[in-house]
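Subject: A structure for you to explore

Hello! Here is the structure I promised to pass on. Have a look at it first, and then read my notes below.

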Amino acid sequence: MSDFLKQKRLNMGLTLEEVGKKVGVGKSTVRKWENGLIENMGRDKIVLLSKALDISPLDILEIDTSLEDSKSSHLLLDMFNVLSSERQDEVLSFTKQQLNKQNSNNTNEINEDIFEFPQRTIISGRSTAAGAPIDGEYEDSNANVSVVDRAEIPRNADEILTIAGDSMEPRLHKGQQAFIHHQPTVENGEIAIISIEDIGVTCKFVYIEEDKIRLVSANDKYDDIIYPIEEIRIIGKVL
């Protein structure tokens, strides 16, 4: 894996710093990933790194997508066995849907429902504050992958999360679900999900002011908050 990631980066003419900027991490973190240290790599980083290097997230996880390889079969089974019973049910349901599609294609029987509403996976289960920042590490532990109808998801969406607070009302309401696109930067005035160093994760309008970032609420009862730019990490843009 280390040779694969490094070689892919070099083939694309990218430096460690350039890849880190695309993913929202430092070059030392990218170097660790290239050395195979991906155990604590977040799902959002896997998605961003795969986009930066133009590879599949499965390549990063070293999963061979061909089930003809017995090692891949064993790996998939091991991963399935460590899932909770609820998530195992989700995987089985998705697998059955894929088999139905495959069988339908093999027999040239066109199922209008399948082709009209193709499905895709999306990260879900996390919340973001719209008020005081909340614990990002705890929310990361709640992340999972859901299967939903593609028609329900904006084209560039990478994750769906829940707004936990009222600071972005009336734009985003407490309890509302919002789609985000994972990206390390946003334009001034765009709504983003932001990680604040040693504080937590929140949802705000973002304004860059020289070496600081101003986070602005939609709700007038909340004051603007300002942090040094090095203490802020953009997780993604709200769509």
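A salt bridge here is a side-chain nitrogen of Lys or Arg within 4 Å of a carboxyl oxygen of Asp or Glu. Asp 224 sits in the loop between β8 (212–216) and β9 (225–228), while Arg 214 is in strand β8, 10 residues apart. Together with Glu 209, Arg 214 and Asp 224 are linked in a network of salt bridges.

Before you go further, please keep in mind that this is a predicted model: local features need pLDDT of at least 70, side-chain atom pairs count only at pLDDT 80 or more, and totals for chains, interfaces and linings use all residues. Residues are numbered from 1 along each chain as its sequence is written, and side-chain values use heavy atoms, with hydrogens and water left out.

The protein chain has 9 helices and 10 strands. Both are DSSP runs numbered from the N terminus (helices: H or I, at least four residues; strands: E, at least two).

Across the whole structure there are 8 salt bridges. In one of them, the closest N and O atoms of Lys 51 and Asp 158 are 2.9 Å apart. Lys 51 belongs to helix α4 and Asp 158 to the loop between β3 (144–149) and β4 (159–164), so this pair ties together parts that are 107 residues apart in sequence. Buried means under 20% relative accessible area, exposed over 50%, and partly exposed in between (1.4 Å probe, protein chains only).

Now for the interior. Of the 239 residues in the protein chain, 36% are buried. The largest nonpolar core has 16 residues, and Val 19, Trp 33 and Leu 49 are among those with the most contacts inside it. Such a core is a set of buried Ala, Val, Leu, Ile, Met, Phe, Trp, Tyr and Cys residues joined through side-chain atoms within 4.5 Å. Helices α2 (16–23), α3 (27–34) and α4 (43–53) each supply at least two of its residues, and α4 gives the most, with 5. A second, separate core of 14 residues includes Ile 193, Cys 203, Phe 205 and Val 216.

Enjoy exploring!
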